[in-house]
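Please open the model in your viewer and keep the selection tool at hand.

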Amino acid sequence: FRIFSLDLKRMLYIAMLRNKSYSELSFYAKAFCYDFLSYKKKKETFALLKELRTENIYFVTATMDFLAEQIVAYIREELSLENISVGSTKLAYNNNICTGKIEMDLLGKKLYYLFSLGLKRTFDIVVSDDLSDLELMKNSKMSYVVFTKKNYSKWNRMLKKQIFAHKIIET
């Protein structure tokens with residue numbers, strides 16, 4: 001639910017994290033990765049990451065910091081990869097306790113975040129299932145569009161309008 005470019009549902013969920021410690025949030029995020037996401041992982045995307053294992057990989061997401069870090073830890077362990085850096089939405093913490101607010105939001109700002117790291121203007125490869133990553137894809141030599149039956153028609157419409165190098169990964 002969006003009003004004036006604000007994701008009210010997201011803000012409400014983040015507010016519900018208030019007074020939770022970072023370690024508690026990380027504990028539940030790790031359990032979520034192993035007990036739920038591990039069964040939902042996109043095998044094709046993992047195969048691509050395995051293939052790219054010698055490259056520097058940036059996992060950039062608007063997902064909350066504690067969850068993104070556990071997802072990357074899971075990927076590192078699954079694929080024996082150490083070359084993954086994580087960039088995510090940072091929650092505000094006071095003495096390691098979540099304030100229920102966002103300190104730095106990457107929602108719709110991933111491209112600018114990567115530029116702020118001093119990365120070059122053209123990325124070698126972008127892998128995404130998120131339509132909001134279109135600008136990232138336009139700034140890459142090759143993009144891999146990961147889609148499901150659920151988002152196929154949206155991606156199909158977008159890709160017809162856009163001209164950039166891409167490959168499709170259907171899951």
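Select K110 to begin: in this predicted model, K110 has a relative accessible area of 8%, and because buried means under 20%, the residue counts as buried. The side chains of K110 and D130 form a salt bridge, at 3.7 Å from N to O. K110 belongs to helix α5 (residues 110-116), whereas D130 sits in the loop between β6 (123-128) and α6, so the contact ties together parts that are 20 residues apart in sequence. D130 is partly exposed, at 29% relative accessible area.

Salt bridges with shared partners join K110, D130 and D133 into one network.

Move on to K141 and D124. Their side chains meet in a salt bridge of 3.1 Å, N to O. K141 is in strand β7 (residues 140-147) and D124 in strand β6, so this pair ties together parts 17 residues apart in sequence. K141 is exposed, at 51% relative accessibility, while D124 is partly exposed, at 34%.

Now select E78 and K41, whose closest N and O atoms are 2.7 Å apart in a salt bridge. This pair links distant parts of the chain, 37 residues apart: E78 lies in helix α4 (residues 65-79) and K41 in the loop between α2 (22-40) and α3 (43-51). Both residues are partly exposed, E78 at 37% and K41 at 27%. In total, the model contains six salt bridges.

Finally, select L134 in helix α6 (residues 134-138). Is L134 buried or exposed? L134 is buried, with a relative accessible area of 9%.

Conventions
Residues numbered from 1 in each chain as written. Predicted model: local features only at pLDDT ≥ 70, side-chain atom pairs only at ≥ 80, totals over all residues. Heavy atoms only, no water. Helix = DSSP H or I, 4+ residues; strand = E, 2+ residues; numbered from the N terminus. Buried < 20%, exposed > 50% of the residue type's maximum accessible area, 1.4 Å probe, protein only. Salt bridge = Lys/Arg side-chain N within 4 Å of Asp/Glu carboxyl O.
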